[in-house]
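Me: I would like to learn how to read the features of a fold. Can we go through one together?

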Amino acid sequence: MLSETKMRIYLCAAQTLNFTDASKKLFMTPQAVSKTVRELETELETQLFLRSTGKQLELTAEGIALMDCFSNFLNEYDGIKKRLSASSRQHYEIRMGVPPYEISSAYTNALSKTRQLNAQRNITVQIKMYDQLFYMLSNGMLDVVQEYLPRSELYLQKKYPNLEKEIKTIKLLNLQERLLVSSANPKATDRATYLDFKEEPLICQSSAGEAPRETIAKAKAAAKKNGLTPSDFIIKNDRDSIYSAVELGQGVTIAARSVSLAVRTGSIKWYPLNNQLTFCFFYRKSLDKTSQNWLKIFAENLQEELLLYEK
């Protein structure tokens with residue numbers, strides 16, 4: 001049965017002409033993309049792609065016609081959906097996306113403060129990794145994303161150059177990047193600096209649909225920027241796994257903020273690096289003025305709570 005999901009998967013596959021590239025954009029596996037395309041071909045009783053032994057695909061004449069049809073339909077559908085969504089939500093709700101490693105008592109306290117000011121307005125939160133957050137922002141599924149500059153700015157330039165022109169930022173806090181180290185490491189003394197750990201294995205996080213070589217390439221760039229020369233790179237799927245690995249002494253990791261609970265219990269120490277990041281809200285310029293003002297109030301509350309949290 002034809003669905004919006006199938007149309008979007010086919011359209012992405014048709015535009016990239018590569019199931020692996022499409023899967024990364026859609027946060028799916030290449031096998032799932034291929035299966036969806038085959039189901040669509042069976043439903044329509046026509047071949048949409050010419051497949052060779054290599055990974056590159058070629059659209060048939062029917063495939064090109066279907067791509068144009070789906071593209072026109074989805075563009076019109078998305079426009080109608082956004083207008084209806086904006087109309088129903090205006091003055092009532094802001095949809096915000098936050099990476100899991102940023103959820104803390106500072107965040108929940110700021111949300112509580114802001115909601116108390118007006119019971120009719122609300123900020124709903126979705127927790128996703130940053131690449132998924134910007135995908136959702138670009139497709140109108142979120143109004144605001146919370147992330148860092150310059151990292152997110154570079155990501156937008158590469159992945160969503162058109163979206164970058166539609167985005168405004170609210171700067172919350174400047175944060176120095178830190179190297180997190182197990183307190184059990186013999187070199188983790190009060191007199192140590194991050195350079196004492198520059199050759200330790202670097203623990204890094206993979207994003208959804210990202211190949212290991214891509215994760216390691218990003219980790220190498222981050223290490224080089226901070227003057228680190230790791231002996232190895234260890235990939236983990238989430239921040240909790242990373243912090244656990246650091247506590248167990250498997251390696252070190254780079255973070256914009258300390259892991260407060262682990263630091264306060266003494267299982268992790270942190271050492272300042274030379275690089276600084278700016279904690280920001282990224283939101284669409286098209287967000288209505290009332291929502292923008294409400295977002296600024298939340299930003300002020302969050303900024304106040306973050307300063308207390310960092311202390």
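Me: How many aromatic pairs does a search of the whole structure find?

Reply: First, the ground rules. This is a predicted model, in which local features need pLDDT of at least 70, side-chain atom pairs count only at pLDDT 80 or more, and totals for chains, interfaces and linings use all residues. Residues are numbered from 1 along each chain as its sequence is written, and side-chain values use heavy atoms, with hydrogens and water left out. Now the rings. Rings of Phe, Tyr and Trp (its six-membered ring) pair if their centres lie within 6.5 Å; planes under 30 degrees apart count as stacked, over 60 as edge-to-face and the rest as tilted. The search finds nine aromatic pairs.

Me: Why is the pair of Phe281 and Phe298 stacked?

Reply: The ring centres of Phe281 and Phe298 are 5.7 Å apart and the planes are at 15°, so the pair counts as stacked. It links distant parts of the chain: Phe281 is in strand 10 and Phe298 in helix 12 (residues 289-310), 17 residues apart. Helices (H or I, at least four residues) and strands (E, at least two) are DSSP runs, numbered from the N terminus.

Me: Are Phe281 and Phe298 buried or exposed?

Reply: Buried means under 20% relative accessible area, exposed over 50%, and partly exposed in between (1.4 Å probe, protein chains only). Both Phe281 and Phe298 are buried. Across the protein chain, buried residues make up 47% of the 311 residues.

Me: Which residue has its charged end over the ring of Trp270?

Reply: A charge sits over a ring if NZ of Lys or CZ of Arg is within 6 Å of the ring centre and within 35 degrees of the ring normal. Here the residue is Arg178, 3.9 Å from the centre of the Trp270 ring.

Me: In what order do the six strands of the open sheet run?

Reply: Two strands pair if DSSP finds at least two bridges between them. The order is 4-3-5-10-6-9, with mixed pairing. Strand 4 (122-127) and strand 9 (253-255) are at the edges with a single partner strand each, so one side of each has no neighbour in the sheet. Strand 6 (residues 167-182) pairs with strand 9 in the antiparallel sense over three bridges. In strand 9, Thr253 stands opposite Leu180.

Me: Which strands does helix 7 touch?

Reply: Contact means heavy atoms within 4.5 Å. Axes are lines fitted to C-alpha atoms, for helices over the stretch in contact, and angles run from 0 to 180 degrees between N-to-C directions. Helix 7 (residues 151-159) packs on the sheet and touches strand 5 and strand 10, making about 110° with the direction of strand 5.
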